[in-house]
Amino acid sequence: MPEAPHVVASRVCPSFTVVLRDDGILIYRPIPGLVLTHGIALQVLELGLQIVDGPKPVMVLMQDIARVDREARAFFASEEYLRLSSQTALVVGSPVSRVIANFFLGLNRVKFPCKIFDDPELATQWLLGFVS
């Protein structure tokens, strides 16, 4: 069985934790009940860019997120977000998080591959297909 990926860098803020694993995947874990605003979306970019040197595959563990506001959704679909993400896996686990993820994909024209998963392991396998 392959060894589990190790964390090579991380950042923590009041709204989320971000880690870069040695398999090249950047993982965001929002705090439970988070309402993701535009300001927090800007922090996602800022803290992510502190630990990566260019776009990486991103996994968002959004099982417990409460809501993403319109400005934040627009930011995550923007050219600016491409500085951080080459593709994004949205991992859901509740009916609310699935609605949020589907809403994001349905209303925004993202400029990178983006897919919804119920299982972080399946999301990892999909993202690893993009890692060089």
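**Cavity and cores: a quick tour**

The largest cavity holds about 270 Å³ of space. Keep in mind that this is a predicted model. How many cavities of 30 Å³ or more does a search of the whole structure find? One.

Twenty residues line the largest cavity, and the closest to its centre are Leu36, Val60, Val68, Phe76 and Leu90. By type, the lining divides into 18 nonpolar residues, one polar and one charged. Which elements supply at least two lining residues each? They are β3, α1, α2, β7 (85-91) and α3. The largest share, three residues, comes from α3.

Next, the packing. In soluble globular proteins, nonpolar side chains tend to be buried together. Here, the largest nonpolar core has 34 residues. Leu26, Leu36 and Phe76 touch the most other members. Two or more residues come from each of β2 (16-21), β3 (26-30), α1 (38-51), β5 (56-61), α2 (70-76), α3 (95-107) and β8 (114-117). α1 gives the largest share of this core, six residues. Another core lies apart from it, with 11 residues, including Met59, Leu61, Phe117 and Leu127.

Back to Leu36. Leaving out residues up to four places away in sequence, Leu36 touches Ala41, Ile65, Arg67, Val68, Asp69, Ala72 and Phe76.

Last stop, Ser15. This residue sits in the loop between β1 (7-12) and β2. Is Ser15 buried or exposed? Buried, because its relative accessibility is 11%, and the cut-off for buried is under 20%. Its contacts, again leaving out residues up to four places away in sequence, are Pro30, Ile31, Leu34, Ile40 and Gln43.

Technical notes: Residues are numbered from 1 along each chain as its sequence is written. This is a predicted model: local features need pLDDT of at least 70, side-chain atom pairs count only at pLDDT 80 or more; totals for chains, interfaces and linings use all residues. Side-chain values use heavy atoms; hydrogens and water are left out. A nonpolar core is a set of buried Ala, Val, Leu, Ile, Met, Phe, Trp, Tyr and Cys residues joined through side-chain atoms within 4.5 Å. Buried means under 20% relative accessible area, exposed over 50%, partly exposed in between (1.4 Å probe, protein chains only). Helices (H or I, at least four residues) and strands (E, at least two) are DSSP runs, numbered from the N terminus. Contact means heavy atoms within 4.5 Å. On a 1 Å grid over the protein atoms alone, a cavity is a set of points where a 1.4 Å probe fits but cannot get out, and a pocket is an open set with protein on both sides within 12 Å along at least five of seven lines; lining residues have an atom within 4 Å of a point. Grid points are joined across faces, edges and corners, and a volume is the space filled by probe spheres set on the points. Ala, Val, Leu, Ile, Met, Phe, Trp, Tyr, Cys and Pro count as nonpolar, Asp, Glu, Lys and Arg as charged, and the others, Gly among them, as polar.
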